Structures are given as C-alpha cells and as structure tokens.
Amino acid sequence: MSTVVNINGRIFHKNNAFVSVFDRGFLFGDSVFEVVRTYGKDKIFAFDMHLERLYKSAAFISLKLAGRKYIEKLIRDTIRKGNNRESYVRLVITRGIGREIGMNPDYAIKPNYFVIVKNFDPPPADINKRCIKAAIASVRRNFKDSLNPLIKSGNYLNNVLAHIDAMKKGGVEAVMINPQGYVAEGTTFNVFMVKKGVYYTPPLEAGILDGITRKVILKLMKENGIRYAEKSIKPAELMSADEVFFTSTLREIQPVVSINNRKIGNGKAGLFTARLYEIFARNISRFLS
Ligand code: PDD
C-alpha cells in the first residue's frame, strides 16, 4: 500500500513529490483536475466519461492538453506503481510555470501533469452505515458567469469556504445554494432528493458540476423505468423531502439523515435511496475499464 505521485511521467514517493512555487496552479488555481477511483486493483470507474469531462474543463480555460493516450498512460502507470488494493486517483493538470508572475496565460511555458495515487478505503457496503448529516451553507455557489461550476478547476476556494461555514453550523457536509436561491450541489458531490416516490436532482443549469456519478445514476434510472426529474429545488423543499442523498465518485450514493439539524424522513437511510444503491452496485462492472 503506498501513495505515489507521477509528475510529467516520473513517479515519486509522496515525500519526494514537489511543485514549483511559480506553477500557475499554485499561484492562481490555474488548473483542471479529475478524481477517479478503481474497483479492485486497476479497474477505473467511468474512465471515458471522466476524460471527456477533463477535456471540456480544459477547453473552458483555454488549456490545450496532450492526447488521451499520454494521459491514460500516466494514470495507469501510477496506479500500477501504487499497487493498492483499491486506489484514489487525482489527476491535476496546471498551466505550468510562468515566465513571469501575471495573469497572461501566454507566460506559461508548458502544462504540468500530476497524478496522485493513494490507497482508497471504499465506503461501507451497507448503505445504513454511510449516513451523514449536512448543513446548508450561507456561502453561495459561484455565479456561472464568474467561475462556471461546470469547470472542474483547481480553484476550490468557494467550496472550502462553504465547508468551513457548514462545520460552524454543526453540519458535517455543506450543501450550496446558487445565486438565484435554488439548491446547487455540495462541496464535492451532487444532491438528490426523493418526494412521493419520485427522484429529483437540480439541472445542470443550476450551476453545478456535471457529476459522473449523477450522470450514471440518471442513465440507470432511465433504463430501469424509475420516475425522476431534473428540476430546480428550493432549500425548504430539500429540507422537507422524504429522502435526500449525495452522489460522487468516492461516495457513490450516500444517505443524508439531517439538514441544519432537522431530520430528513425517519432519520435513517431511506428505502428509495437503498433501492437505487442496489441498482447502482449491480451495474458498477459495466462501467469499469
Ligand atoms: N468531487 N460536485 C463537485 C463540486 C465535485 O467536486 C464533485 C466531485 C462532484 C461529483 O462528481 P463525480 O460524480 O464526477 O465524482 C460534484 C470529487 C470526487 C472530489 O473532489 O474529490
């Protein structure tokens, strides 16, 4: 079990992996990233979808990336070297070191590619053991016109601030509201609710990341004839939902038992959440490569 870091094709032990203070990722958050996980030693979940999103993020910030083969090799080599039972994999691509310190992206010499691989302890298989509490953060999600949440950029200060706020409110995880007053997403996850047997999640237009787990879940719901809708959700609606759950690569599906100290449903993992998780778990192997 080990944590290893690939920097532009060279793999280092975690204690020897360093980045220049002149790297624009460090100075400005001028970077894009993806987090994937493996199931078993080396099978990555929804890898194609993650790569597709990576290229979209890069296009948003006018960062030209190397071809897919190069990136895939970096990731697979690093996973192999880490040799963990299951791996957390974080790919970060910065615009690189600048000739000058300044906004002009043309100062950047060439992008830097980093892959961090560490051991991943998956969430418990029993959905009832995954339950968490949440709070609605006062810190709003970024305006789409400022820093579009569709971009998985290295600038996560908005999310860090929301997390700090939720911790102060006694919640464990922060749900963020968009500037129009509707539920957007969590700091590192998408949000779903269930009401009268129907699943709901905010649309991409709410100003959220196009979460891969969210996308897979919507696909599975469609395939299984499950009733769902993407719709704008007011915080009060979320708080009075029958069930609420979060989704992300690392959490898969995670039931929320309270928001702002107010119980959701009966304060346990709901049946609809559990049912969806069963379907998700059954289909994971289809998305591995
Ligand atoms: N977070 N929203 C935000 C803001 C995120 O950072 C993430 C992912 C998600 C869920 O997306 P996905 O299903 O593709 O993981 C939604 C990763 C896991 C992280 O930062 O660790």
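Predicted model: local features only at pLDDT ≥ 70, side-chain atom pairs only at ≥ 80, totals over all residues.
View A. The domain assignment of the protein places residues 4-119 in domain 1 and residues 127-287 in domain 2. Their C-alpha centres are separated by 26 Å.

**View B. Area buried between domain 1 and domain 2.** About 1800 Å² is buried between the two domains. Carbon and sulfur atoms account for 69% of that area. On the side of domain 1, the residues that lose the most area to domain 2 are Phe33, Phe45 and Arg53. Together these three make up 34% of what that side buries.

**View C. The salt bridge and polar contacts across the interface.** One salt bridge is counted between domain 1 and domain 2. Arg37 and Glu252 form a salt bridge, with 3.6 Å between the closest N and O atoms. Six residue pairs are in polar contact across the interface of domain 1 and domain 2, with both residues of each pair at pLDDT 80 or more.

**View E. The aromatic pair Phe45 and Phe280.** Nine aromatic pairs are found in the structure, and Phe45 with Phe280 is one of the aromatic pairs. A pair of aromatic rings is described by the distance of the centres and the angle of the planes. For Phe45 and Phe280 the centres are 5.8 Å apart and the planes are at 55°, which is a tilted arrangement. Phe45 sits in the loop between β4 (43-44) and α2, while Phe280 belongs to helix α7 (residues 271-283), so the pair ties together parts that are 235 residues apart in sequence. Phe45 is also among the three residues of domain 1 that lose the most area to domain 2.

Terms used:
Residues numbered from 1 in each chain as written. Heavy atoms only, no water. Domains from an automatic or database assignment. Buried area = accessible area lost by both parts, 1.4 Å probe. Salt bridge = Lys/Arg side-chain N within 4 Å of Asp/Glu carboxyl O. Polar contact = N/O pair within 3.5 Å; in protein donor to acceptor, adjacent residues only side chain to side chain. Phe/Tyr/Trp six-rings, centres within 6.5 Å; stacked < 30°, edge-to-face > 60°. Helix = DSSP H or I, 4+ residues; strand = E, 2+ residues; numbered from the N terminus.
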